[in-house]
Each structure stands twice: as structure tokens, then as C-alpha cells.
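Student: Could you show me how to read a structure, one feature at a time?
Tutor: Gladly! Let's look at it together.

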Amino acid sequence: MSEGDAREEFLAEAQEIIEGLSRDLLLLDQADKEGRDEPELINEVFRGVHTLKGIAGMFGYHQLGAVTHALEDLLDDLRLGRVSLAQSVLDVLFEGVENFQRLLGEDPEGPPVDLEAYAAAIDQVQAPAPLARETLEDYALDSSVLSVLTEYEEHRLRTNIEQGVTLFRLLVRFSLATIDSSLEELKTRAKPLAEIITYLPSMGGGGGEDIDLEVLLASRASLDELREALGDQGEQLSAVERRTHAPSRLPPAPSIPAGPGAARPTSAPPAPLPPASIAPHHQTSAPAAPAALSKEPAADLLSLRSVASTVRVDIRKLDHLMNVVGELALVRSAMAGLREKLQRLTDEKILTRDLHRIGRAFERHLSELQDGILDVRMVPLGQVFDKLARIVRQVAREHEKEVQLVVTGAETEVDKLIVEELSDPLMHIIRNAIDHGIESPKMRELGGKPALGTLALNAYQKGSHVVLEIEDDGAGMSIERLIETAVRRGLMSHAEAEELTHEEVLALVFLPGFTTRSSITDISGRGVGMDVVKTNISRLGGIIDIQSEYGSGTKLTITLPVTLAIISALLVKVAGRPFAIPITAVQEAILLVPQQVRTLEGREVLSLRDTTLPLCRLNELFGLESRDPGHRSFVVVTALANRRLGLIVDELEGQQDIVIKALGPSLTDVPGFSGATDLGDERVALVLDAPGLLEELLATTEWRRVGEARLAEGPR
Amino acid sequence: MTEELTDARSSLPAALGDSVPEDATIRDVLSFTLADEIYALPLGSIHEILKTPPITHVPRAPEDVLGIISVRGRITTVLDLRRRLHLEHEPSSARARILLVDSGVELLGLLVDEVHQVHRLTPAEVELSSMVSGELADYVLGIGRPGVGRAAETGASAELLILLDPESLLKRMS
């Protein structure tokens, strides 16, 4: 593995850990708000940060190392109960995740990480919580057990006691050979009802192949319920008695078959080193080893196993595979050509038929291969939603708003590249929605709305597209203010603005530089950046639309193709040159009847089933020679969301699956094309960028209106 | 082969500069014709020489872009070197080739009329660019005179190679 590969691997792994952290913190945040105690989540976060620290050190990310180190301390205090969880602590933790992202270069445009300030923030929340020492004494716990508890276990024990949770003692005998799986089984059975605080090898017990364990559990369930849940492992379960201030009593250090029975009293005094407790201490060196090993590693083994069934793959490798598939498709058509030639040249019917059959099989497997690779590229939108949930929380807190995020369709799958490219635009939209859409709790109550604002994020598949809706129940947009702003900015006259429909006025927010906020202190005014959002979405072959009702909320709808890697396309010819139009953008293709073409305000339109379709002659747009007028031409009706445009082409060549390849950096500024594709026989066809063309050719609002086909009274 | 190429690429400008180290005596360049003149590019900058496939014209692209081709599945932009060097336009013949050259950002194709040969130039066979003036100066490293010594002995006239600087030649594209 080269250094570059190793670095890639590190970045990928770090990214994965950070995403996990982000998820866990959100859960923790929720638990905290609901007043639940989630020690396992804190542990999870601690482990994540710890791992990150390890790999950061290995790859020389010293700043990252420093942040993880500081956070690790805080988390350690948190899980040991030295610091208690609060929103302020969660803020620091979330900020930590942001810092990780930045330090990894995820967000190079963000402000640089101020490590000192962050360390100070950590220090501030790290003030120790008071410890309650005395509580443990009240329980009939073996001092030999207490003395070997780790700090964490002791903390969990105290917390449970403080919360009035009953303690139970369980004696089990496990075979040394299967101790790991038995423990795992025990944990699984206990988990719904109880927390396992510790397990220690019990003295005296077992021998040879077996080991006796004393397990300390905390549970709100009754003895019987817990015993039932534990099944055959729960036979020796008993409650730990509370002492009634009599001198501490020590359990008799029973060997396993001592029988169930609750808290066996014993006369042994809680001497610093009672004779009976020498044995366990003595024993810990040996049997404690498997116990200690089996704790963490058992969990690690599980996670290792689950990881082993998945692989992380660089998307470029998949691109490469896709290219190979494309090449194979070319080989296939070459073979088909050869077969036809052979058919003409020879009478060998059987041979040509076999060849045909093999060709068909090849084709079938090839398309399976193609589907398989496409499938691998698909990832659930949930990947980007998780990041957004973090933003929602952060922005809501910054602006002192109460917002709940409701997500549906997180499992909807989209090409990995699209998911990556979506995160920025979505982040922008969400910031805007909270910043300017959702009102402050007070305002909401005055307006008769619940104080808690709702931000809904819905995703679903619709044909070969994925639709994403971002909807808030906030203030909505004022048509009057939008118009006023547009006029003030000189974008149009008052008279022109009056002509606009509701939707057209809303679409003004996508114009570069448009903002309704007059205050310059407001950095994320709605409108700033919405043009960028729109550009980014178009680059993905998508379209964004806006709906808003003043007073009741705003909804943005993004329509995206499922994949960019391979698409079905309509091949056309203009001036003898082939072009491909993504089929998802094509509504229909019809023969052009020249007599039906009218001119409307200097531009050609066609009446099509009672609607007016703006036309674009591709040969003129592209500066190519035109055919003599006697020749027939076709109109390809392209449509996205509610916009339509008729592209006039010379010939229709048919439909074909194509692999879109990017044009080189020197051609990215050329408008109208989203890439090119290899058609085989050495021909390369440009792929039309349908959203881009719609945008370009329907740029003025007048034409957009015609394109949106809402004018039923178009010229006949 | 690759090593030789990278080696040539990295040290050629030094070899052609003022401070030519004594040991850097021989450098390889590939010569080709464009509008009846002979040009040369450092061999190390050339990744591949291709026969010209049909070039797909890209509407609304910059003027000196001829179009795109597919090189084993990778879409590659082809530049019109004649236009870049302000030479007469002429339809290309069957001898035309495309040189694949790395611009630092991408591999670009350069259409040339005909590819000749590889010359090994000694410092004595290279004149610096100071004598070239005009628009071409930006793109020219110097003039190569392969076999200038031998030519003097035999009385034959030496070939003139216009040595192009791939970096400045392609920079404007990226």
C-alpha cells in the first residue's frame, strides 16, 4: 500500500468514525432531553474518539490528535461520572465533531480551528461533579468485589444506586472454552432489563474446564422478571440487600452450588483483608485474565465481524469498472457486426445461430454486471441526512429556536457522487429554513403555532428520479417583499413584477445576489447562496422548485436523477453529428410540422395539445449548418419539473444506454453539455445538459412562463 | 520507458537553460511538422502518439479546441496546434497524428501534421529562445540544430527544430 493509499484509507476511516460520532451524539442529545441515562452511548463516543486519536497520531495529524486527546479526557470524566451530561457539554462535543471535520480538510472554507478556544471550552465544562462516597457502604457488597471495581464500574454502581435501581448478584458457571459466547448470551438476555456492572471470577468455584463468575447487575425489574429473562443462566440470581447500618456483612464467598437464596449473611467482618478475600485476589491474576479479555474484545470481535462483510471502495475504482463495462459494450457491438458479416458470407446456419446465442448471453451478463456496479454505487440518503441533523441542532441552538427534524425516506438510494454533492446545497437550505423560516418560539405561540417548529426532510423515488423535499412550518415568504426587493435591486420594473405569477415571484430567490434581508449583519439571509444551491443542483442534472405560503411555511423540492454513471439516452443527429439527450429529460419526440411553428415575441413556438412549447433549433444554437428546409426534422420535447422546451433536431437515431464521461477541465465552461459518451465505432457523442439548456433558453421569465406550459391560450 | 520519460521531462528545461550542467549532455526531443515547419517537444512530455480518430466537434468551445476523442474510454480534449501557434489552417492528411501531452491538469491531445523522429540533442545543438521573438516566443524554448557539428564537416545544412515549451503551450488551456 502506497503512502497515498494509506492516507486515503485513513481519511475514509476517520470520516466513518466522525459520522458515527455525530450519530451517537444526536442520540445522546435526544436521550438527555428526555432525561434518560445512556452510559453505553457515552462509551461508544469515547471509543470513537479514542480510535480517532490513535489513527490521527499514526498519520501525523497532530492538531486532530490534540483535539481528540482533550475530548477523550472530557469523555472519560463523563463516563466515570466526574462530569455530568448537560447541553453545555453536548455543545462542546458537537463542536468537537465540527473541528474534526475541519481538521480533516472536509470544510476548508470554514474558519480555521481555534484550538486554544476549544480547549478552554472543554475546560469550562470539565469542572468536576461532586462525588458521593458514602452510598456504596449501604449495600451488602463484598469488599473484595468493591476493591477490584474499575473507576468506571464504580461510577455506574453509584449512579444506579443514586437513581434507586435495585442491585442483583448472579452466580454463573461457564465453561472456559465457551466463556466468550456464554457471556455474550448473558449480556444479550440481560440487556433489555438490566445493566451489567461487572463480572468477576468467583472464588473457589469451578476448576479445570469451568469458571464461576459473580455478576453484578442493576435493574428496575423484579427478581422474578429478571430471572425469567436470564433463563437457565438466571438460576442463581439474588438481590443485593441494603444494609441496615449493622456492621458490613460479607457474602460467604460461596462456591457455585451454594444454592440461590437472597444475600446470604455472613459473619465475616469487612476487614481490610479478610482471609476469605485473599483467595479472589490471588485468583484474579489467572481467571481475571479471560474475564478482562472477554469484556472489551467480545464487543470488538462482534464489530470486527460485522465490518468484515463489507468493504470500503474508492469511488474511482467503481468509475474504472464502469469504464471497462462501457468498453465491453463496444466489444459486444463489434462482435454483433462480425456475426452479421459472417451470416452473409457463409451458409453455416448452426455456427451463426450459436454465435448469436452466445452473443445474447454475453449481452445479458454484461447488463447484469452493469446493474451490479450501479447498485454498488448506491448509498442511502441517510448518509447526508445524519450530517444535516447535526446542523439542525447547531443552528437551532445558535438562533434560540426550537426545531424538530422529521425525516422520511432516509433509506432512498442515490449514487454516491450525488449524495456527496448534495450535502452543501442541503446544508444551505436547512440553515436558511431555521434562520429565516422558523420563527422564535415566542413568535410562533403568538401566531397560534406550536412553539416547537418542524423541519421535514422527505425523500422518495419517482421513476428514474429521486425527489427530496425540505419543508418548514415557519413564516413563509411574503410575495410583496420579494417583489419590492426585486424592484429595488433593479431586476425588473414594478409593472413587470405585477405580471409575475406567485411561483415566478418565489423563483426570484434563485437569482444571483437576491436577498430580502436588508441587514448586513445577517450573513445567511434567505436568497444569499440560493443561486449557488440552484447551480449545484443543476450540475447534478436536477431541478429545484420552491413553494411558500406566507405565514405557514416554505417547501423546496429537489428532483434529481438516481445516477449519473449510466443512463438511457435518446440519440439524435444535428448537422450529421450525433448528440445524446438523457431519456429522463425527454417527454416525447414528434415530427416537426413547419406550418405549426409560430413566432411569439421573436421566438419560435409550437402549439402542442393546447399548450405552447418554446422551440430551440439546435443547429442555430450550436452554430452548425442547417439542412435545406425541404428536409423533415423532429422536435424532442424536453421537460424537467414543470418546464418544457422543444429541441429541433435533424434525425432520431434511437435509444441507447450510455456511460456519461466528464469533459476535460478545459471544457467545463462550455455551456449545454453534461459530458460525452463513447458510441463505439470510434464515435464520441456529446451529451446534452437538459437542465442547463432549459435554464439557458428559458432564462427570461416571459419564456419560462411559456415553457411552463401554463398558457392554454397559446396561438393555434 | 516511463522512468526514462520522467527523467527527460524533469531535466530538459535545465538542459536548455543558461546553467547547463556538464553532465546533462544529451536530451531527447520528438520532431514533427506543422504548416511546413519542423517543431519539437521534449520526448518526456509526450505520453503517447495516436493515429487520428474522428474528432467530435464541441459547439461553443474555445476557438483552439478542435474537439474531443475517446482514448481508451477517457474523453480527451484535442487542441488545434496550428491555431494556437497562429499558423494557416489546413485540412489534416492521413499522416496527421495526435500527441497526448500532460498539461498538469489533464492529458490533452495536440494535432500535428506529421511525426518525424526522436532527436538526441547535445547542449551545443541548442540555441536559446532569446533569438525568437513575437507571439511565438511565449511557447518556444529555443532552436535545435541536430547534427550541427557533422553538418559543418560535410557541408550539408542542418535541420532547424523549433523547440516548444509544453508548459506554456498548454498553460492557457487549464
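Student: Over which residues of chain A does pLDDT stay under 50, and how many contacts beyond four places in sequence does the model have for them?

Tutor: Some ground rules come with that, so let me give them alongside. pLDDT is the predictor's confidence in each residue, from 0 to 100, and two residues are in contact if their C-beta atoms, placed from the backbone, lie within 7 Å. In chain A, pLDDT stays under 50 over residues 245-308, and the model has 73 contacts beyond four places in sequence for that stretch. This is a predicted model, where local features need pLDDT of at least 70 and side-chain atom pairs count only at pLDDT 80 or more, while totals for chains, interfaces and linings use all residues. Residues are numbered from 1 along each chain as its sequence is written, and chains are lettered from A and ligands numbered from 1 in the order in which they are written.

Student: What is the mean pLDDT of chain A, and what is the mean pLDDT of chain B?

Tutor: For chain A the mean is 77, with 80% of its residues at 70 or more. Chain B has a mean of 77, and 73% of its residues reach 70 or more. In chain B, pLDDT stays under 50 over residues 1-25, a stretch with 29 contacts beyond four places in sequence in the model. The model as a whole scores ipTM 0.79 and pTM 0.50.

Student: In which elements of chain A is confidence lowest and highest?

Tutor: Elements come from DSSP runs, numbered from the N terminus: helices are H or I of at least four residues, and strands are E of at least two. Confidence in chain A is lowest in helix α10 (residues 275-284), at a mean of 39, and highest in strand β13 (residues 577-582), at 93. Chain A has 23 helices and 22 strands.

Student: Which residues of α3(A) are buried?

Tutor: A residue is buried if 20 or more other C-beta atoms lie within 10 Å of its own, exposed if 12 or fewer, and partly exposed in between, with C-beta atoms placed from the backbone. In α3(A), the buried residues include A:Leu64, A:Val67, A:Ala70 and A:Leu71. Their cover includes α2, α4, α5 and α7 of chain A. Across chain A, buried residues make up 34% of the 716 residues.

Student: Which residues touch the most other members of the largest nonpolar core?

Tutor: A nonpolar core is a set of buried Ala, Val, Leu, Ile, Met, Phe, Trp, Tyr and Cys residues joined through C-beta atoms within 7 Å. The largest has 126 residues, and A:Ile430, A:Ile581 and B:Leu164 touch the most other members. Helix α15 (residues 416-437) of chain A gives the largest share of this core, 9 residues. Apart from it lies another core, of 28 residues, among them A:Ala56 and A:Ala70. Returning to A:Ile581, the residues it touches include A:Ala569, A:Val636 and A:Leu688.

Student: Is A:Arg609 buried or exposed?

Tutor: A:Arg609 is exposed, with 7 other C-beta atoms within 10 Å. A:Arg609 is found in the loop between β16 and β17 of chain A. Most residues other than glycine have a negative phi. A:Arg609, though not a glycine, has a positive phi of about 45°. A:Asp610, also not a glycine, has a positive phi of about 70°, and A:Asp610 is exposed too, with 11 other C-beta atoms within 10 Å.

Student: How many residues of chain A are in contact with chain B?

Tutor: There are 24 residues of chain A in contact with 20 residues of chain B. On the chain A side, α12, β21 and β22 each give two or more residues, and the largest share, 4 residues, comes from β22(A). For classes, Ala, Val, Leu, Ile, Met, Phe, Trp, Tyr, Cys and Pro count as nonpolar, Asp, Glu, Lys and Arg as charged, and the others, Gly among them, as polar. By class, that side has 12 nonpolar, 6 polar and 6 charged residues.
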